[in-house]
Each structure stands twice: as structure tokens, then as C-alpha cells.
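Take a first look at the chain below. Keep the sequence and the 3D view side by side as you read.

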Amino acid sequence: MINKAIEKDSSKFRFPAIERKDLKPLLQGLSMHKGLVLVETKLKDGTEIKVKL
């Protein structure tokens, strides 16, 4: 979704607003997947980056 928005008009992507009533179930669902790797990349200089829940 983010890549399509950037390719479409080469602008910064803005996440849609999340309403407070939707936030609690979202956080509860994410808490069931602790340790899940969201992003993992390795740069040319050998730097490794991992983003986990």
C-alpha cells in the first residue's frame, strides 16, 4: 500500500487515522504475536536491521 502511494505521486505516505475504539483490539491482536519480525534488512556495509514486535 505504501509503495503504491509513493509510486503514484512520489509524495510522502501518510498513515490513515486510527480511531480510539479500533486501537484496543488492534493492540490486543498484535500482542499475541510478540517477537514477530516486521522488517529485516542488511546494508552493503554489513549493518543488519531487524524490527520486531
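One point comes before the tour. This is a predicted model.

Start with strand β1, which covers residues 37–42. How many of its 6 residues are buried? The count is 0, so β1 is hardly covered, given that a residue must fall under 20% relative accessible area to count as buried. Next comes its partner. To follow the pairing by eye, find Val-37 and look across to β2, where Lys-52 stands opposite.

Now trace the hairpin that β1 and β2 make. It has 5 residues between the strands. One of the residues to look for here is Gly-46, which takes a positive phi near 95 degrees.

Turn to the charged side chains. Side chains of opposite charge can pair when their charged atoms come close. How many salt bridges does a search of the whole structure find? The search finds 2.

One of them joins Lys-50 and Glu-40, with their closest N and O atoms 3.8 Å apart. This pair links distant parts of the chain. Lys-50 lies in strand β2 and Glu-40 in strand β1, and 10 residues separate them. Are these two side chains buried or exposed? Lys-50 counts as partly exposed, at 49% relative accessibility. Glu-40 has a relative accessible area of 56% and is exposed, because the cut-off for exposed is over 50%.

There is also a salt bridge between the side chains of Asp-22 and Lys-21, with an N to O distance of 3.9 Å. Here Asp-22 is partly exposed, with a relative accessible area of 40%. Lys-21 is exposed, at 61%.

Finally, look for nonpolar side chains. Which residues form a nonpolar patch on the surface? Among them are Ile-18, Leu-23, Leu-36, Val-39, Ile-49 and Leu-53. Together the patch residues have about 980 Å² of accessible area. The elements that give two or more residues to the patch are α2 (20–31), β1 and β2. Which element gives the most? That is α2, with 4 residues.

Val-51 is another member of the patch. This residue is found in strand β2. At 37% relative accessibility, Val-51 counts as partly exposed. Patch residues need over 30%, so Val-51 passes that cut-off.

Conventions
Residues are numbered from 1 along each chain as its sequence is written. This is a predicted model: local features need pLDDT of at least 70, side-chain atom pairs count only at pLDDT 80 or more; totals for chains, interfaces and linings use all residues. Side-chain values use heavy atoms; hydrogens and water are left out. Buried means under 20% relative accessible area, exposed over 50%, partly exposed in between (1.4 Å probe, protein chains only). Two strands pair if DSSP finds at least two bridges between them. A salt bridge is a side-chain nitrogen of Lys or Arg within 4 Å of a carboxyl oxygen of Asp or Glu. Patches are made of residues with over 30% relative accessible area and no salt bridge: like charges are joined within 9 Å, nonpolar side chains (Val, Leu, Ile, Met, Phe, Trp, Tyr) within 5 Å. Accessible areas come from the Shrake-Rupley method with a 1.4 Å probe; for residues, only the protein chains shown count as cover.
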